[in-house]
Amino acid sequence: MRLRFNPRRYAIETFVKSSAHATKPHARLLDAGAGPCPYKYLFIHAHYEATDFIDPHGLLNFTCSLDKIPRKAGTYDVVLLTEVLEHVEYPQKVINEINRILKKGGKLFLTTPQQYMLHQKPYNFYYFTRYGLESLLKNAGFKSYSIRSMGGYFWTLGDLIKFNSVLTQYKRWFFIYYPLKLVEWPLTQLIIPFILFHLDWLDKQRDWTMGYTVEAIK
């Protein structure tokens with residue numbers, strides 16, 4: 001059994017892999033907000049394109065704002081949007097635009113957090129609940145969708161502990177920071193996340209969740 005220490009990464013990667021399996025050969029796919037294109041290898045059976053608002057890695061097919069994608073209506077069979085929606089200032093416009101560029105019956109595969117620290121500042125505008133995502137999808141005109149929690153209370157707690165940044169705020173006090181880091185690292189990065197990962201089945205309600213995976217059909 002593979003040891004699990006990072007519930008967020010596990011949840012996202014599992015979802016993207018299942019999305020790749022659900023993508024038909026030769027389907028035209030847009031990875032929106034792709035950054036360094038970490039999931040391109042999973043879609044080698046599809047016609048993969050990638051976009052973002054900048055291209056520092058030189059890997060994208062084109063750059064654009066995701067609320068104004070320079071493609072005709074009904075261009076794509078699939079759009080992948082992973083951990084991006086929280087970084088756009090007008091999320092409804094982005095979801096509307098994705099609906100526009102999808103073919104009828106096309107699919108949106110999306111992940112987004114409900115609980116996480118501030119990151120990629122200052123471009124961290126929102127975190128979403130299930131009901132907020134439902135509102136975005138309905139208003140954009142998606143025909144059907146499924147929204148699933150990325151874990152429950154224990155995965156969320158493990159994620160918060162793993163990605164805490166409290167101790168790093170005192171890194172300049174090296175005579176305190178490094179001895180504490182030697183004690184803190186195995187606890188917060190390995191032991192506690194591993195235990196909490198395997199306790200998550202206890203939470204049936206999952207009102208506490210790291211975020212959501214979404215499959216929506218136009």
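Trainee: Where does L199 lie?

Mentor: Let's start with the ground rules: this is a predicted model, in which local features need pLDDT of at least 70 and side-chain atom pairs count only at pLDDT 80 or more, while totals for chains, interfaces and linings use all residues. Residues are numbered from 1 along each chain as its sequence is written, and side-chain values use heavy atoms, with hydrogens and water left out. Helices (H or I, at least four residues) and strands (E, at least two) are DSSP runs, numbered from the N terminus. With those names, L199 lies in the loop between α5 (174–197) and β7.

Trainee: Is L199 buried, exposed or partly exposed?

Mentor: Buried means under 20% relative accessible area, exposed over 50%, and partly exposed in between, with a 1.4 Å probe and protein chains only. L199 has 29% relative accessibility, so L199 counts as partly exposed.

Trainee: How far apart in space are L199 and Y153?

Mentor: In sequence, L199 and Y153 are 46 residues apart. In space, going from C-alpha to C-alpha, the distance is 9.2 Å.

Trainee: How are α4 and α5 set relative to each other?

Mentor: Axes are lines fitted to C-alpha atoms, for helices over the stretch in contact, and angles run from 0 to 180 degrees between N-to-C directions. The axes of α4 (residues 153–162) and α5 come within 8 Å and cross at roughly 175°. Angles under 35 degrees count as roughly parallel, over 145 as roughly antiparallel, 65 to 115 as roughly perpendicular and the rest as oblique. The two helices, α4 and α5, are therefore roughly antiparallel.

Trainee: How do the residues of the contact of α4 with α5 divide?

Mentor: Contact means heavy atoms within 4.5 Å; F154 and W155 of α4 are among the residues that make it, as are I192 and P193 of α5. For the classes, Ala, Val, Leu, Ile, Met, Phe, Trp, Tyr, Cys and Pro count as nonpolar, Asp, Glu, Lys and Arg as charged, and the others, Gly among them, as polar. The contact divides into eight nonpolar, three polar and one charged.

Trainee: Which residues lie nearest the centre of the largest pocket?

Mentor: On a 1 Å grid over the protein atoms alone, a pocket is an open set of points where a 1.4 Å probe fits, with protein on both sides within 12 Å along at least five of seven lines; lining residues have an atom within 4 Å of a point. Grid points are joined across faces, edges and corners, and a volume is the space filled by probe spheres set on the points. The largest pocket has a volume of about 1,000 Å³. Its lining has 38 residues, and nearest the centre lie G33, E83, V84, H87 and Q120.

Trainee: Is Q120 buried or exposed?

Mentor: Q120 sits in the loop between β5 (102–113) and α3 (130–140), and its phi is near 50°, a positive value in a residue other than glycine. With a relative accessible area of 54%, Q120 is exposed.

Trainee: What is omega for the cis peptide bond that joins K121 and P122?

Mentor: P122 is in the loop between β5 and α3. The cis bond from K121 to P122 has an omega of about 0°.

Trainee: Where does the largest share of the lining of the second largest pocket come from?

Mentor: The second largest pocket has a volume of about 290 Å³ and is lined by 20 residues, including A11 and F15. At least two lining residues come from each of α1, β6 (144–149) and β7 (211–217). The largest share, seven residues, comes from α1.
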